[in-house]
Amino acid sequence: MSKPPLHAIAADHVFDGTDVRERTAVIVDGTRIADLVPTADLPRTISVRALPEGAWMAPGFIDLQVNGGGDVLFNDQPTVQGIRSIAAAHRKSGTTGLLPTLITDSPDMMRLALEAADLAIAREPSVLGLHLEGPFLSPEKPGVHDPRRIRRPCPDDLAILTAPRQGVLLVTLAPEVVPPGFIAQLVAAGVRVSLGHSMASYQQTRAAMAEGLTGFTHLFNAMRPLTSREPGPIAQALESPAAWYGLIVDGMHVDPAMLRLALRGAGHPLLVTDAMPPVGGSRSSFTLHGETVTVRDGRCVTNDGTLAGADLDMATAVRNCVRLLGASLPDALRFASTNPAAFLGLGQVLGRLAPGFRADLVAFDPNDMTVLDTWVAGNGDH
């Protein structure tokens, strides 16, 4: 395949991951960004696509928690095609990088998910790795995870999780249910470790961070609550500059007042969707662990009303971050791209618009976050 010619995309406002530049063009050379220059300084010989008046351009969104999309649940289709269908559904909303997320399942399903993610990375640049949410979780905080499949790790698990792999592996676990040193062994093998579905105490959380845990999966949800005598993991996340915490900003999973508190913490916010199959799909219900989950009033809920993931995309999460939490648009964009890239250890190639970075971009109308176009490794959707 021949290399696409050098071309430029120009916008009235370009957020590069740090600053907003006015009337700027991003010059794309193949899959990479060659330069950012004032639109007026572009050579006349270069092909230019000018975005509509008032449009913004920013680094493509990176979603660390994607259970499904496009009517596909990853647990049901842990295959390359399943992953590609999910990625295509989320690309419509500006997501250029994601981690397909396996909800607590059997050891065989974990192996299939790891294999599928490894193969998908070579074919689908949007796939950055895999997120295993469970099965090493607290039985006291299962959420919608199948309690029958929640368990403690065994030696075989460690061997599987620390084996060489393509891309990033993120493991969500409850520190109090894994043996001492388990987190450190994962981290030594390059695994990102996040606390979630946990009843860990404040001291247990501190010990886990000392072993190398840095993430907090959907902060506030499915974890020991913040109380006066036992601050638990939430306090540790908010007071630690080494913490990266995912926030589901849909106005339902967590009250906006609590999320505004998180934005004032010392840690680093990450916007995540916890998306389920209806996102980018045509059906309003799906099956999880044999139970029907339906979208009602914007919520994905089981028959008894339990939240089961979210009907949320990243563009909407950015919009909600501004409207519900009072964040500036540049900050919300940073939480959706620059911060996730840094947490995954990919901050030198993704999450910014700068020379040498992969050409992952999203163009949108800032008034309502309507996505106008998305580019992954230089390739646009339209």
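Is His 197 buried or exposed? His 197 is buried, with a relative accessible area of 4%. This is a predicted model. The protein chain has 10 helices and 22 strands.

**Overall picture**

- The C-alpha trace spans about 65 × 45 × 40 Å along its principal axes.
- Of the 382 residues, 55% are buried.
- Among contacts with a separation of 6 or more, 67% join residues 24 or more positions apart.

**Helices H1 and H2**

- Two packed helices are described by the angle between their axes and the distance between the axes.
- Helix H1 covers residues 80–91, and its axis lies 9 Å from that of H2, at an angle of about 55 degrees.
- That angle makes H1 oblique to H2.
- H1 and H2 cross in a right-handed sense.
- H1 brings Val 80, Ile 83 and Arg 84 to the contact. H2 brings Ala 116, Ala 117, Leu 119, Ala 120 and Arg 123.
- By class, this contact of H1 with H2 holds six nonpolar residues, two charged and no polar.

- Ala 116 sits in helix H2, which runs over residues 107–123.
- Ala 116 counts as buried because its relative accessibility is 4%, under the 20% cut-off.
- Leaving aside residues up to four places away in sequence, Ala 116 touches Pro 78, Thr 79, Val 80 and Ile 83.
- Pro 78 is 38 residues from Ala 116 along the chain, yet their C-alpha atoms are 6.2 Å apart.

**Helices H5 and H6**

- Helix H5 (residues 202–211) packs on helix H6 (residues 232–239) at about 45 degrees, with the axes 7 Å apart.
- H5 and H6 are therefore oblique to each other.
- Their crossing is right-handed.
- On the H5 side, the contact uses Tyr 202, Thr 205, Arg 206 and Met 209. On the H6 side, Gly 232, Pro 233, Ala 235, Gln 236 and Glu 239 take part.

**Helices H8 and H9**

- Helix H8 (residues 314–323) meets helix H9 (residues 329–336) at an angle of about 140 degrees, with 9 Å between the axes.
- H8 is thus oblique to H9, because only angles over 145 degrees count as roughly antiparallel.
- H8 passes H9 in a right-handed crossing.
- From H8, the contact residues are Met 314, Val 318, Cys 321 and Val 322. From H9, they are Leu 329, Ala 332, Leu 333, Phe 335 and Ala 336.
- The contact of H8 with H9 has nine nonpolar residues, with no polar and no charged ones.

**Thr 338**

- Thr 338 belongs to helix H10, residues 338–343.
- Thr 338 is buried, at 8% relative accessible area.
- Beyond residues up to four places away in sequence, Thr 338 touches Gly 17, Leu 333, Gly 351 and Arg 352. Leu 333 is also part of the contact between H8 and H9.
- The C-alpha atoms of Thr 338 and Cys 321 are 15 Å apart, across 17 residues of chain.

**Backbone points to check in the viewer**

- Most residues other than glycine have a negative phi, and most peptide bonds are trans.
- Gly 134 and Pro 135 are joined by a cis peptide bond, with omega at about 10 degrees.
- Pro 135 lies in the loop between strand E10 (129–133) and helix H3 (155–161).
- His 197 is not a glycine, yet its phi is positive, at about 50 degrees.
- The loop that holds His 197 runs between strand E12 (192–195) and H5.
- Asp 274, also not a glycine, has a positive phi of about 55 degrees.
- Asp 274 is in the loop between strand E15 (268–271) and strand E16 (285–288).
- Asp 274 counts as buried, at 8% relative accessibility.

Key. Residues numbered from 1 in each chain as written. Predicted model: local features only at pLDDT ≥ 70, side-chain atom pairs only at ≥ 80, totals over all residues. Heavy atoms only, no water. Axes fitted to C-alpha atoms, helices over the stretch in contact; angles between N-to-C directions. Helix = DSSP H or I, 4+ residues; strand = E, 2+ residues; numbered from the N terminus. Parallel < 35°, antiparallel > 145°, perpendicular 65-115°, else oblique. Left-handed = near helix turned anticlockwise from the far one by under 90°. Contact = heavy atoms within 4.5 Å. Nonpolar A, V, L, I, M, F, W, Y, C, P; charged D, E, K, R; others polar. Buried < 20%, exposed > 50% of the residue type's maximum accessible area, 1.4 Å probe, protein only.
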